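Hi,

Here is the structure I said I'd pass on. Have a look at it first, and then read on for what turned up.

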Amino acid sequence: MIDSPPDSDDALALRVAKRDKLAFSMLYDRYARAVYVFAAHLLDPNEAEEVVQDVFLRLWNKAGQFDSAKGVFGAWLMQIARNRVMDALQKRNKQYRQEVLDEVDELLAQIPDESNIEQMSWERQQQHALQLALAQLPEDQRRAIVLAYFGGMSHTEISNSLALPLGTVKKRIALGVSKLRKALQHINPLATTPEKASDAKEKE
Amino acid sequence: MTCEHIRTLLAETALVNEANAANNPATMAEVASHLATCADCAAWARENERLFAMLPMVLAQVSEVQLPPHLKAKVMQSLEATSAAQPKRPTRGWAWPQFNANLWRKLGAAMLMLMLIATFGWALQLNSALSQERALRAEYANLLTFQQEMVLEVVDSPKANKLFLRSAQTDSTAYGKVFVRADLPHVVIMAARLPIPPAGLVYQMWLMRDGKYDMVGVMPVNPQGFGLIVFDADMNGPIYQKALLVAQPAGTNNPNAGTFIVAGER
């Protein structure tokens, strides 16, 4: 078994579970902006502050529940953040949700700057690759992913919202996700499991 | 279900939040069952989760929204509040506390809590004492003796000095008070819930002044257990350090030779 580096997310989460405020502070510095931006774009700045407080207070109180064998820390924390944001977003009206999701979709459609990629950390390179892949996704696939992930909408809701058959929505999401996976695989092929033949056959 | 089918389901459902996923528990249970036994698909699912967790990170990369600098201090403060509200973990052994602001803040909070508890306790005691005093006055009002005017002058005066008498017996709720007034020689002693004295005994009232006990009178007890003694001291506003009501044979000249019924000490 390989021990995590002392400043890895997993190691810091373990220390937070033992009430280590320095470790908590380091995790805050890594993830707070992403949580805040996520909430601020979908809700408002004041509520985004509340979300950050709630999410990190939950981290402080529940860090012991994180199990690195079941997944990465960032996914665990972002799932907490997403649940909190979705709860608040569901209370807003449909028009509001449409508008904020349009804005997120537009932002994610931007092609990232290609300079200085070599100087980026591995994590940053992965984010860059994902950003590029999102921007290059066909608009309908990206839109379906944005509605599902950032809007917390069910496939049926997306189907109604886009006036598309349910099967088409599912297919768009599956295709979009598959492409995003491949983009990450390109950056770190060892990190992903071999794709099945079915993935290779996927066509846009 | 085949791995291919599971991965199609995962791809379709992975972006659906938990509340929506719960709408199809049978499918989710089937997926969970497969993931528990298929390491490849489990790794595939974890990779999906990692990818989705990166979506907010990507949004943060393209967004111009900045994290408010003051927010970290607020979050850290909320941790302090949470930590203070939770019980401390037991420590092995004891060490000199290091000087740090957090420790002193916690000590300050603890002191404040103790003061509040003490104040609350004191208020309860005061409330109890006041209600008992009202009960004593009510009892006295029923007696309508010739001493009434003298008693009221002392008991009802804001200048009254009181010595509280508590039951000396564990199975008794008897209580009383010694009232004096700084500008008068009158001394009023009231007691209530007294048991009837055993045959052959009386209740003798002993007061200590300047370290010396004096027997100031025998307290008669009415059928309701109320007793009253009124007398004039040799000075205005005498200060008594101790007071004892003792069940003993009449004429006993030793306060310790008997059973203490109520007692008080300044």
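A salt bridge here is a side-chain nitrogen of Lys or Arg within 4 Å of a carboxyl oxygen of Asp or Glu. In this predicted model, R30(A) and D9(A) make one through their side chains, with N to O at 2.6 Å. That pair ties together distant parts of the chain: R30(A) sits in helix α2 (residues 21-42) of chain A and D9(A) in helix α1 (residues 9-17) of chain A, 21 residues apart. Searching the whole structure gives 15 salt bridges over all chains.

Now for how the chains meet. Between chain B and chain A the count is 2 salt bridges. E49(A) forms a salt bridge with K74(B), and their closest N and O atoms are 3.1 Å apart. In terms of residues, 51 of chain B are in contact with 71 of chain A.

One helix pair is worth a look. Helix α4 (residues 73-89) of chain A packs against helix α4 (residues 39-62) of chain B at an angle of about 60°, the axes being 8 Å apart. The two helices are therefore oblique to each other, and α4(A) passes α4(B) in a left-handed crossing. On the α4(A) side, the contact is made by G74(A), A75(A) and M78(A), while α4(B) brings E49(B), R50(B), A53(B), P56(B) and M57(B). Sorted by class, that contact has 5 nonpolar, 1 polar and 2 charged residues.

Cheers

Key
Residues numbered from 1 in each chain as written. Chains lettered and ligands numbered in written order. Predicted model: local features only at pLDDT ≥ 70, side-chain atom pairs only at ≥ 80, totals over all residues. Heavy atoms only, no water. Axes fitted to C-alpha atoms, helices over the stretch in contact; angles between N-to-C directions. Helix = DSSP H or I, 4+ residues; strand = E, 2+ residues; numbered from the N terminus. Parallel < 35°, antiparallel > 145°, perpendicular 65-115°, else oblique. Left-handed = near helix turned anticlockwise from the far one by under 90°. Contact = heavy atoms within 4.5 Å. Nonpolar A, V, L, I, M, F, W, Y, C, P; charged D, E, K, R; others polar.
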